[in-house]
Amino acid sequence: MPDYRDRFHIPRAADGGECVYLCTQSLGLQPKSVRAYIEQELKDWELLGVEGHFRARHPWVEYNKLLTEQTARLVGAQPVEVVAMNTLTVNLHLMMVSFYRPTARRHRIVIEEHAFPSDQYAVQSQARFHGYDPAEAVVEVAGEDELEEFLDREGESVALVLMGGVNYSSGRAFDMARVTQMGHAHGCVVGFDLAHAAGNLVLKLHAWDADFAVWCTYKYLNGGPGGIAGCFVHQRHARDEGLPRFAGWWGHELETRFRMGPDFVPSRGAEGWQVSNPPVVALAALRASMDLFDEAGMEWVRARSLELTGYLESQLGRHTGCGFSIVTPRDPERRGAQLSIRVPGPVRAVWERLAAASVVCDWREPDILRVAPAPLYNTVEDVDRFVNRFVAALR
Ligand SMILES: Cc1ncc(COP(=O)(O)O)c(C=O)c1O
């Protein structure tokens, strides 16, 4: 088995040893190669100043393109369908400007129950922006079956179906092919928030026919805190200049961008949704990690993830008498790396005991502990250490 662990910095515990880091669902670790990627850009900036835009080793005007092929492979897309830009919620809004186009008859947005708050705020504010009351316009569904029932009943009122790839709290993975097919069958636009799915699941956005998707890169993709986000727009929208969008100069086609003309001519595909010139240092950090993902391949990453998370589940299963339960689906196809554990009593106290024992994971109110073994750097030993310390923390 290739050893990727050694290519990451593992945070240190107070005693100088390695932490048991199971918190990639929140923030992925730093690849050791990040420093060299960033230093290259610092060097070019130091030596070239503004000339770096055209004369840097990797000219900054087109720097984002260094990520295009890899990103396309990562999410199962055509290169024209993807771009790294902005941050996740910003991209979600930009996508909704184009793809949430409510009419009096068809104005609702369907989202997953217990969606991440930022997604809830984003869809509520979009509904309000168009003059609709979110209490009526935003509908929550528990999963695919409930979505089907709702669409069968009231599909004609739905403009947009926006689901997570994996729910941040429960760790449940949605069947994105089925969601897309159902949404389209009812005439809805279908988009995904892949914050917890990109770099975690094998994605086939183009084949599934999703209209758009957005994701962050600081979790499973190890792009660094606040790192630049990703965006997918299906090829069939690549040349649709009739779609409304919030434009900025970086979305203008590259060939004529620097003529600085008054009329906006969008780049073809996802790049046409760019607004500002991107942060090169953040792109450089992401390249370091994406090179590792590309080397490993998502099929390998997912196979290793199934192994590790399955092992975690089986080891926890030996201690069910301790009063906790796993709320994440038991079917490996319906989850990614994360297991969400409902603990008896205050979760914060359990988390604090784990933190004192050098285990890094996180918790969500009221009683959920989230742990995710990352396929590129976690090991069965990490899982064993976690389970032992978790059981001790419950006592
Ligand atoms: C599912 C989901 N959506 C949105 C966000 C918000 O991301 P950002 O702050 O990068 O916009 C997060 C952050 O953890 C998330 O998990």
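In what order do the four strands of the open sheet lie, and is their pairing parallel or antiparallel? In this predicted model, the strands of the open sheet follow the order β9-β10-β13-β12, and the pairing is antiparallel. The edges of the sheet are formed by β9 (325–326) and β12, each of which pairs on one side only. Between β12 and β13, which run antiparallel, there are three bridges. Trp363 has Leu369, in β13, as its bridge partner.

The side chains of Arg342 and Asp367 meet at 3.2 Å, N to O. Arg342 belongs to strand β10 (residues 339–342), whereas Asp367 is found in the loop between β12 (362–364) and β13 (368–371); the contact therefore ties together parts that are 25 residues apart in sequence. Arg342 is partly exposed, its relative accessible area being 39%. For Asp367 the relative accessible area is 17%, so this residue is buried.

In total, the structure holds 26 salt bridges. Side chains of opposite charge can pair when their charged atoms come close. One of the salt bridges connects Arg108 with Glu154, at an N to O distance of 2.7 Å. Because Arg108 lies in strand β3 and Glu154 in helix α7 (residues 144–154), the pair ties together parts that are 46 residues apart in sequence. Arg108 counts as buried, at 13% relative accessibility, while Glu154 is partly exposed, with a relative accessible area of 30%.

Glu46 is exposed, with a relative accessible area of 57%. Lys43 has a relative accessible area of 42% and is partly exposed. Elsewhere, salt bridges with shared partners join Arg5, Arg12, Glu18, Asp382 and Arg385 into one network.

Aromatic contacts were examined next. A pair of aromatic rings is described by the distance of the centres and the angle of the planes. Twelve aromatic pairs are found in a search of the whole structure. In one of the pairs, the ring centres of Phe99 and Trp273 are 6.1 Å apart; the planes are at 25°, so the pair is stacked. Phe99 is placed in helix α4 (residues 88–99) and Trp273 in the loop between α10 (254–257) and α11 (280–296), so the contact ties together parts that are 174 residues apart in sequence. Both residues, Phe99 and Trp273, are buried.

A further pair consists of Phe116 and Tyr168. Their ring centres lie 5.0 Å apart with the planes at 85°, and the pair is therefore edge-to-face. Phe116 is located in the loop between β3 (108–112) and α5 (117–129), and Tyr168 in the loop between β5 (158–164) and α8 (176–185); the pair therefore ties together parts that are 52 residues apart in sequence. At 38% relative accessibility, Phe116 is partly exposed, whereas Tyr168, at 15%, is buried.

Charged side chains are also found over aromatic rings. The ring of Trp273, stacked with that of Phe99, has the charged end of Arg245 over it, at 3.9 Å from the ring centre. In another case, Arg257 lies over the face of Trp250, and the distance to the ring centre is 4.3 Å.

Trp250 is also part of an aromatic cluster, in which ring pairs link it with Phe54, Trp249 and Phe258. Phe54 is placed in helix α2 (residues 52–55). This residue is exposed, because its relative accessible area of 54% is over the 50% cut-off.

Notes
Residues are numbered from 1 along each chain as its sequence is written. This is a predicted model: local features need pLDDT of at least 70, side-chain atom pairs count only at pLDDT 80 or more; totals for chains, interfaces and linings use all residues. Side-chain values use heavy atoms; hydrogens and water are left out. Helices (H or I, at least four residues) and strands (E, at least two) are DSSP runs, numbered from the N terminus. Buried means under 20% relative accessible area, exposed over 50%, partly exposed in between (1.4 Å probe, protein chains only). Rings of Phe, Tyr and Trp (its six-membered ring) pair if their centres lie within 6.5 Å; planes under 30 degrees apart count as stacked, over 60 as edge-to-face and the rest as tilted. A charge sits over a ring if NZ of Lys or CZ of Arg is within 6 Å of the ring centre and within 35 degrees of the ring normal. A salt bridge is a side-chain nitrogen of Lys or Arg within 4 Å of a carboxyl oxygen of Asp or Glu. Two strands pair if DSSP finds at least two bridges between them.
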